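I record below what I looked up.

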Amino acid sequence: MFYDDSKSLINSYNKALQRTRNSFNREQSNLTIGITDTPLEQAILPEMIKSFHREYPNCKIFLEEFDHNRLKHHLIDHDSDVIFTTHDDITDLAEVKYYHLFSGHFVAIIPVDHHLSDREELELDDLAGEKILLMDNNWCPPEQLKLQETIRKKVDDLDISYVNDVEIVSLMVKAGLGITVMPSFVAIEKADEIKAVKLNYPAPLDYGLVCRKDEADPLVLAFCQVMQEQAEGM
């Protein structure tokens, strides 16, 4: 327990040391970015961060992965400078600023050899009798949690399993262990393994960057602006 609880403290301690050392070097600066390590982030962040680094080569970048709830706490507690998350996940925080990157809708992620994979759109009732993989509460933004609760209460004869990692749930779908639901901007289709089928479930879905409203570091603001420019070009 002590080891698990102290890992983030040790990371913060090491970053504090690095910041102190860099304070003597006016050409060196730090940026800590929080992510949940979704397939989308795995696909787009390497090139987006490279683009930023070309403009700001003296910036030392740290990436840290946590669930949605811990990411928000890290941002508010100044452990992260900026986080990638969904807009609905930060509407309860008055002290943050949101930078929009993508909009989307909910999809069902289905193995390509599944009988529902050839559909253009699914109703929630089409999931009846299926093996369903749902994310646990810590890994669920509010809108996804509402969808999951709707499925759990209103769809008949479900075999539900709960998963606490986005990459793991994608792996389980590829292995034929069930169907999952997620925002379209999180899902990355692989034509030979999984397919994303639109769900007829209207919900406001946006994904972007979040920093603190009182953020005075021009590097953080520059990072958010560069990410927006990169997203617009995709």
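**Entry 1**

I looked up Arg152 and found it partly exposed, at 39% relative accessibility; by the cut-offs used, buried means under 20% relative accessible area, exposed over 50%, and partly exposed in between (1.4 Å probe, protein chains only). I note that this is a predicted model, in which local features need pLDDT of at least 70 and side-chain atom pairs count only at pLDDT 80 or more, while totals for chains, interfaces and linings use all residues. Residues are numbered from 1 along each chain as its sequence is written, and side-chain values use heavy atoms, with hydrogens and water left out.

I found Arg152 joined to Glu149 by a salt bridge of 2.7 Å, N to O; the term requires a side-chain nitrogen of Lys or Arg within 4 Å of a carboxyl oxygen of Asp or Glu. Both residues lie in helix H4, three residues apart, about one turn of the helix. Glu149 is partly exposed at 28%.

I then noted a network in which salt bridges that share partners join Lys72, Asp89 and Asp92.

Lys146 is partly exposed at 48%, whereas Glu143 is buried at 12%.

**Entry 2: Other salt bridges**

How many salt bridges does the count come to? I recorded eight. Arg119 and Asp126 form a salt bridge at 3.0 Å, N to O. Arg119 is partly exposed at 33%, and Asp126 is partly exposed at 23%.

**Entry 3: Negative patch**

I listed Glu121, Glu123, Asp125, Asp156, Asp157 and Asp159 as forming a negative surface patch. Patches take residues with over 30% relative accessible area and no salt bridge, like charges being joined within 9 Å and nonpolar side chains (Val, Leu, Ile, Met, Phe, Trp, Tyr) within 5 Å. Asp125 sits in the loop between strand S6 (121-122) and strand S7 (131-135), and Asp125 is exposed at 57%.

**Entry 4: Cysteines**

I looked for disulfides, defined as pairs of cysteine sulfur atoms within 2.5 Å, and the count is zero. Cys224 is in no disulfide, and the nearest cysteine sulfur, that of Cys211, is 4.5 Å away. Is Cys224 buried or exposed? I found Cys224 buried, at 0% relative accessible area. Cys140 is buried at 6%.

Notes
Areas by Shrake-Rupley, 256 points an atom, 1.4 Å probe, with all protein chains shown as cover. Lys, Arg positive; Asp, Glu negative; His and termini not counted. Charge placed at Lys NZ, Arg CZ, Asp CG, Glu CD. Helix = DSSP H or I, 4+ residues; strand = E, 2+ residues; numbered from the N terminus.
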